[in-house]
Protein chains: 2
Amino acid sequence: MVMHSPEQVRLSVNFSTEQPVIVGFSGGPDSLCLLDLLVGQGVEAIAVHVNHQLRVEAGEDAQRAAALARQIGATFVLVEADVTSYASQERLSVEEAARNLRYRALFLEAQKVNAQAVAIGHTADDQVETVLMHLLRGAGLPGLKGMQTLWLPNAWSHAIPLARPLLGVWRPEVLDYCHARNLQPVYDRSNTDPAFYRNRIRNELLPVLETYNPRIKRLLHRTSGLLAEEDSLIELVTDTYQEPLVLEQHPGALALTRLDLLSAPVAIQRRIWRQAIQSLRSDLRDIDYLAIERCLAFSHDPPRSKQIDLAAGLILRLEGERLWLADGEARLPTSAWPQVPFADSLALPIPGRLALSAGWQVSAEWVADPLEELSSLRAHPDPFVAFVQLPAGVECLQVRTRRSGERLCPLGMGGSSMKLSDLMVNQKIPARARGSWPVICLDDQIVWVPGCCSDERVRVSDPPGRVARLWVSQAAA
Amino acid sequence: MVMHSPEQVRLSVNFSTEQPVIVGFSGGPDSLCLLDLLVGQGVEAIAVHVNHQLRVEAGEDAQRAAALARQIGATFVLVEADVTSYASQERLSVEEAARNLRYRALFLEAQKVNAQAVAIGHTADDQVETVLMHLLRGAGLPGLKGMQTLWLPNAWSHAIPLARPLLGVWRPEVLDYCHARNLQPVYDRSNTDPAFYRNRIRNELLPVLETYNPRIKRLLHRTSGLLAEEDSLIELVTDTYQEPLVLEQHPGALALTRLDLLSAPVAIQRRIWRQAIQSLRSDLRDIDYLAIERCLAFSHDPPRSKQIDLAAGLILRLEGERLWLADGEARLPTSAWPQVPFADSLALPIPGRLALSAGWQVSAEWVADPLEELSSLRAHPDPFVAFVQLPAGVECLQVRTRRSGERLCPLGMGGSSMKLSDLMVNQKIPARARGSWPVICLDDQIVWVPGCCSDERVRVSDPPGRVARLWVSQAAA
């Protein structure tokens, strides 16, 4: 048996001696080795032991971990976590629940002391096991690349990195290190329990794979490194696509431009959807392959409904060429359309203007040469501009929202009337924008519905009478 | 047991009915299904059976394959291959030798009939096995993406694609297809021999992996598709880097610009080296990870020798900022330097010029105002320009290569002499260019060595005498 000298074990992350480091400290060989190396380098390492209260010997393990931290000369912090009740509350597996509470506790301690990093004792063996677990789960490149040595922003913090300084060190080297430094690790018996998936990978699958290639562990470790390089390149390329693609970003919703998205290579499209979902659901550990497939299918060939429930409460919606991904329909912003922010009807003087929501406004002015302006509008149609002919004495219109059962006579339909609600559907005004959509009236009669049409009864005659130009516009943000 | 209807089995490649398709036809279920589907679509399919002469029943199998082709209505071509002697000649494994001869024969037949493609019956199961084999061998993304549905340019042709139209079809579907169509496949007994690595993957490893995830085959197939998308994106990005990076491409050698290469992301650097090696060694099935690592190390931190043997007879060499990858030193082009193509010495009249190799030439002219021209040369030094002062009556110099033991007195060294060979080493003239390097002489005395220096004895005096301007230049290609 080859003994590795403690000098051979090196951390792949450089820490400063100015700020503390939080070490996830089970007292097992990996975290023990990590803590000892950090203290040996003069780094202020704070050993945080999370007692998951899952095993009868957990309290005893915590005491032994505290003694080991004392032996090394590190500050020891004990955090008690009630994994069982958290797991049942959140409907998580015990492993998942323990992981969530552990990382949460570590990053909480890190924030308290303004730590430079949370450091975890994951080794090269853990990396290989992780890669295999991801492979067996059907992960793509982002999973197959394995764990990162430095992860920031991560699921728990945008400021404090998760560091894995032992990711290049093999478990036998760690054990030899502990032995040589006279450190007696705490052994968690659950590490050999074949009921845990990772233990089966470690103790059963890897030995099988070694019969196919005895170097398999080192090769998988190497492959994960190569894939991490490729993955970071693709992330880089994705960023160059993403900036022009993300049209709007709101709390709980974002919009992509469909045609630009479709012109990107499909690998980029997947990444953009992945990042979009992640930006709204940062707590999702894995974004499901099928969810991304549904995003691709929706964007390539939108259903007639123009909206689907995606996953985890997210919806996908197409409005024009705008693809919305939102945390439920209520979170879709309405700032893209004119919306009336007041309950009653308000006066719109001619000339004059009236402010709506989100920088939108309705404006009115008298027109000197209506026929020429009308023919220019016909040449360059704009549904947010209208010319209306008003009776003598009218100096003011009203702006309000629609009323139940209200009708109008759309211009060009020979004077026949239709329901305003039907008109809005025909004109593809998004359902959630209809209730506050502005309607311009003269007394109780509709004169113009911006984005739809004006009324036959205010049609400009030839020769023209008193004609007002009305328009709705949004000030640049 | 679910039976798949023959209509469910679809080819993922569309073939034209205008040009024949060569089908690699063992007579086994995969190629049988493929051949039958092609013929059913009205494609002119030519079944090419390669008899590897490895098994006693090989001749019998060939006869049964011929009968099956007849049953389907396809042309049958039998090719005899002497795998055993080829394997020992080329020092290949029997599997590798059989594969080489088989593909060679298929593409030879394809060229004869101007086929639109060589089609092979690889199935989704083959894909999964291939991905696992690559994983176990430590392959990166280019291996883990598995086989391509359409491969062009491939190792055997730049014009005829290798097509795998059944890559999305699972083996049980193929078997059901053959059964439903009343086709009785030839079974190659070596497909179950556990001595073959692929058979162990299929019959031993995959069942183990299915105990971890029963959907593992479908997941690995899906993963290979995702990785293929990511891989093709990286190839696309690599191309944008590669064009400005590849400075020169010669038969058997190419040059990259070192600093530009180092500024690319490391994943791109790997790809560029991989492609460079592939362009010189298209027959290499896998480019070794370590070879690429050596390329990276050489380019990041070149050794003092400036040259290493890479692998497979290739060398890596640094000249200035030019990284050469070449099929042995002899293949490095010399066109980058002036080289004398003649054996004797030839006259260089003043004024006049003399042609060297590869568009290079030596020119000479008399100078009216030597002191001004000299000071201008000092301001913008150019080792391929010199001013030499010549005795009265000299109207001609000589151009030749160096002679053994020849010496000169370099300008500015106070008249002390040194060996020309030492000077060339000091001036970093590449070793392989020294033998044909031009030397400009007056009778037997060196006047100027382009790229090095002129001789003290032709130094321009003040006031100057008769001064000639000499220069070496290369016409744009």
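This is a predicted model: local features need pLDDT of at least 70, side-chain atom pairs count only at pLDDT 80 or more; totals for chains, interfaces and linings use all residues.
The buried positions are A:A267, A:I268, A:Q269, A:R270, A:R271, A:I272, A:W273, A:Q275, A:A276, A:I277 and A:L280. Helices are DSSP runs of H or I with at least four residues, numbered from the N terminus. Helix 11 covers residues 266-280 and spans 22 Å from its first C-alpha to its last, close to the expected 21 Å (1.5 Å times one less than the number of residues).

Local features need pLDDT of at least 70 and side-chain atom pairs count only at pLDDT 80 or more, whereas totals for chains, interfaces and linings use all residues. Residues are numbered from 1 along each chain as its sequence is written, chains are lettered from A and ligands numbered from 1 in the order in which they are written, and side-chain values use heavy atoms, with hydrogens and water left out.

In helix 7 of chain A (residues 171-180), A:R171, A:E173, A:V174, A:D176, A:Y177 and A:C178 are buried. The buried residues of helix 7 pack against helix 1 (29-40), helix 5 (124-137) and helix 8 (197-212) of chain A. Helix 7 is followed by A:N182, which has a positive phi near 60°.

At the interface, 39 residues of chain A are in contact (heavy atoms within 4.5 Å) with 39 residues of chain B. The copies meet through the same surface, because 100% of the interface residues of chain A are also interface residues in chain B. The buried area, which is the accessible area (1.4 Å probe) lost on being put together and summed over both parts, is about 3,500 Å², and carbon and sulfur atoms give 68% of this.

Four salt bridges (a side-chain nitrogen of Lys or Arg within 4 Å of a carboxyl oxygen of Asp or Glu) are found across the interface of chain A and chain B. A:R271, a buried residue of helix 11, forms a salt bridge with B:E230, the closest N and O atoms being 3.1 Å apart. Helix 5, helix 6 (141-144), helix 8, helix 9 (216-245) and helix 11 of chain A each supply at least two residues of the side that touches chain B. Helix 9 gives the most, with 13 residues.

Definitions and conventions. Buried means under 20% relative accessible area, exposed over 50%, partly exposed in between (1.4 Å probe, protein chains only). Buried area is the accessible area (1.4 Å probe) that two parts lose on being put together, summed over both.
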